Amino acid sequence: MIAHSLSQELEQRGISRRDFLSFCASMAAVLGLPETATNAIAAAVDSKQRPILVWLEFQDCAGNTESFLRASHPTVADLILDTISLNYHETIMAAAGSQAESALEQTVKDNKGKYIALIEGAIPTGANGAYCTIGGRSALEIAREVCGGAAATVAVGTCAAFGGIPAAAPNPTGALSVADAVPGIKNLINMSACPANAENITALIVYYLTLKRWPPLDQYRRPFFAYGKTIHDNCERRAHFDAGQYVEAWGDEAHRQGHCLYKMGCKGPATSQNCPVVKWNEGTNWPIGCGHPCIGCAEPNFWDTMTPFYQRLPEVAGFNVGRWVDPVGLSLTGLTAAAVVAHGVVQAVRHKQHVKSQSGEDKAESE
Amino acid sequence: MTHIVVDPITRIEGHLRIEAEVDGGAVKEAWSSSTMFRGIELILRGRDPRDAWAFTQRICGVCTTVHAIASIRAVEKAIGAVPPSNARLLRNLIIAAQNVQDHVIHFYHLHALDWVDIVSALSADPAKTSTLAQSISDWPLSSTKYFAGVRDRVKAFVERGQLGPFANAYWGHPAYKLPPEANLMAVAHYLEALDWQRRFIKIHAILGGKNPHLQSFLVGGMATPVDPDSQDSLNMGTIAALNKLVADGMDFVSRVYLPDVLAIASFYKDWASIGAGVGNYMAYGDFPMDDSQHPELFLPTGIIHGRDLSKIAPVDQAKVSEWVAHSWYDYSVGDEQGLNPFKGETNPNYTGPKPPYQVLEVAKKYSWLKSPRYDGAPMEVGPLARMLVAYASGRPARVKELVDKTLSSLGVGPAALFSTLGRVAARAIEAQVLVESMGMWVQGLADNMGRRDYRIQDNSKWDPGSWPADCLGYGFHEAPRGALGHWVHIKNGSIVNYQCVVPSTWNAGPRDAKGQPGPYEAALAGTPVAKADQPLEILRTVHSFDPCMACGVHVVDATKRELARVRVA
């Protein structure tokens, strides 16, 4: 573990105590903690005991890696990263080939049960694992070994969390989520979205360092602090939805005036994530903010259940924040069942079963 | 003769493996293998073509705009949609920002550590580093104190004993030639570039909602509304913000990136005669300058054969074909012929060794990449191909000016461009040319607003009922890594066939049926290797292409193969 405290190191790197506290305050905001939590976060992040991270990429596009590089308090977030000791990350590490593989091997061996594994990308099971190999070993074999020895595993992005695009129908490679590929691993947390928002990944790490436990999770193993409400609940255009003011054509007066995108296919009512609050790229913007509907990228199997993207959701009631979400979720999967036949998709059925089995009595009744 | 394997090749996007025979201190023969496959085009079958851009976009999160752009262009060509002027300008800005940001990240974060020894930076004299930095640029972060601070920070990091992502690298390798001061300057700029890329890419957040995976593309236009009298549209406030970000980008590229490349290159001139490769260069061209059916392209299209800059051949999509003789696919017509993407088929059939394995059977099939060929010949694509085609075409004039300036400052002739170092220099020159051009497209948007032209979309083709029942289209684009094409076949409003022929497939593909190596393989032959267990030089040449393997591997066949059934949990 590391000898210096983080604030000492930050000072050496020209970052003042004040900058550090302002970072902690913004983390408190993402986590939905009161501002008084700032000091507690500062104390926790500043401690000497910091875990080791390894970041593995399987059937991925590196979009989550890129997203992470855009974290909004970059210098500090980066520092936390390298202070946390990012021992393996193919996209940025200097070593290659056997030297890279031995860095991973060593980390896993020396820190068994102590390190955190971050997984990006789905894990293919077809062709004996030949659809994704690193150093001649299959993704599945590597995942079993690395996730098996981790204190916690974070599935970063929808591919790792739910299978994502490789698992979209007809799932040519037998791609699975981390949860399905390596069942039974300890403390699995799904940080879905395509890509996962950097603020939420950083917030998760800070949550753990601050509160010394992992956050409570929803039915899809996603932390409530980032996935506890729908896009629609927090949308800046919600008033237009409630007032019945909709965009009818791209570039029309309503579109230019920022009216509701529901009729253009927005999946915000069926998607849980904090996009409207945290936004993207240092709070610069978000998809609905630039005039395009939400495509539901944080939801399981959204490539099958949320497409066609420009087809509107079945009836969504207004003036009733939160209450209508479950019925919508169900009618959505019902709708998808029809699309499934056309596509030969089996995944969505699985999604429906998943909803039924995990969401308890409310949904069973409303169905 | 030693057989070496480098897997994973790190500091790239995706999963790449290089096997090579090394003899007498140099690579005799090399094999490039991509070891990951998802099958995104199979997944596209039967879907709404208006959704395709979002699917193909997920081919890559690094060059996150490129497959979206190629996809909407292919579908537009098929259904006859014509994006209005604002959409063209928004796309040009998005494409240019992607190229510029990607090139900077590539140089500092993916490629620099092949040339820059971080450990050597620790022994640098900050005062001498300051003198060096000020001799090459007027960039303000160049004082003795500043470099002392950077050195001390790196020192503290190294002394901590946990090198994190910098552990186990080839530090101290004899092929590192920079003096400690140049290493320290480069390390400082590595850190600055990490900050800069976040700021600059806000252009994408403004125009696309977020980065990675922008979400404002539409078949027929763009979803970003334009209206100077609305706070919910692109307006004068956003024009000002874009101008500020472009100026910030220009500042960094012209005062840090380009001078660094020249300074570092001056220590590695021997790499101007290493890594040439196949010697054929192809560019589709990009950045339409007007709204006509056949617009002039800011970066021109063309093909250069056999390093002959005196002739430029035109590009014809019908001459593009893909081969699978050494790829893990079967063709129904046999593996000895190529197929044009409109007739493309992909039946994945893994015949390699069962994982875990030590070596691939390179005499047989050995990659998930196909081998694209133009009129049967391998082509290198990318910034070097684009800059060579522009240089030989004489336009834009700025390219010729910067290429000549670069060559004369290094004291080398045009032949030096055909090399590992040539790729590095071409990328920096292109970043400079593009960041300089962005202001004109921002101004174009403002001019349209002045004329009250707020159109962003060809709404006449939004409804699938307005499309031909059966139509074909292809879309060309210049991605950061080179010429990208998508081919689509649409029937009754749904996709029946979709093909992507991708820059990293052109460059990293395996041998074809005639045994012709791909550009990586050809470029590696002859590359020196001082220490077989530390093949730093192999990384240099491979990284000079900026590999993007997730992009390179794709699969199509919408027509022949019965789809593999998904297992039901």
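**Confidence, chain A.** I looked up the pLDDT of chain A in this predicted model. Chain A averages 81, and 72% of its residues score at least 70. Over residues 320-367 of chain A the pLDDT stays under 50. The model has 69 contacts beyond four places in sequence for residues 320-367, and I leave that stretch there.

**Make-up, chain A.** I read off 19 helices and nine strands in chain A. Of its 367 residues, 66% are buried. I also checked how far along the sequence the contacts reach. Among contacts in chain A with a separation of 6 or more, 74% are between residues 24 or more positions apart.

**Chain B, α4 and α10.** I turned to two helices of chain B, α4 (residues 85-111) and α10 (residues 236-265). Their axes lie 12 Å apart, at an angle of about 40 degrees. Angles of 65 to 115 degrees count as roughly perpendicular and those under 35 as roughly parallel; α4(B) and α10(B) are therefore oblique to each other. I noted the crossing as left-handed. On the α4(B) side I listed B:V100, B:H103, B:V104, B:F107 and B:Y108. They meet B:F252, B:V253, B:V256, B:Y257, B:D260, B:V261 and B:I264 of α10(B). By class, this contact has 10 nonpolar residues, one polar and one charged.

**Chain B, α11 and α13.** Next I took α11 (residues 383-393) of chain B against α13(B). The two axes come within 8 Å and cross at roughly 70 degrees. The helices are therefore roughly perpendicular to each other. From α11(B) the contact uses B:P383, B:L384, B:R386 and B:M387. From α13(B) I found B:G422, B:R423, B:A426, B:R427, B:I429 and B:E430. I sorted the residues of this contact into five nonpolar, one polar and four charged.

**Chain B, α16.** Is helix α16 (residues 536-544) of chain B enclosed or open? I found nine of its nine residues buried, so α16(B) is largely enclosed by the rest of the structure. The buried residues include the charged B:E537 and B:R540. I then asked what the buried residues of α16(B) pack against. The partners in chain B are the strands β1 (2-6), β2 (16-23) and β3 (26-34), along with the helices α4, α13 (420-450) and α15 (519-524). B:D546 follows α16(B) and has a positive phi, near 60 degrees.

Methods. Residues numbered from 1 in each chain as written. Chains lettered and ligands numbered in written order. Predicted model: local features only at pLDDT ≥ 70, side-chain atom pairs only at ≥ 80, totals over all residues. Heavy atoms only, no water. pLDDT = per-residue confidence, 0-100. Contact = heavy atoms within 4.5 Å. Axes fitted to C-alpha atoms, helices over the stretch in contact; angles between N-to-C directions. Helix = DSSP H or I, 4+ residues; strand = E, 2+ residues; numbered from the N terminus. Parallel < 35°, antiparallel > 145°, perpendicular 65-115°, else oblique. Left-handed = near helix turned anticlockwise from the far one by under 90°. Buried < 20%, exposed > 50% of the residue type's maximum accessible area, 1.4 Å probe, protein only.
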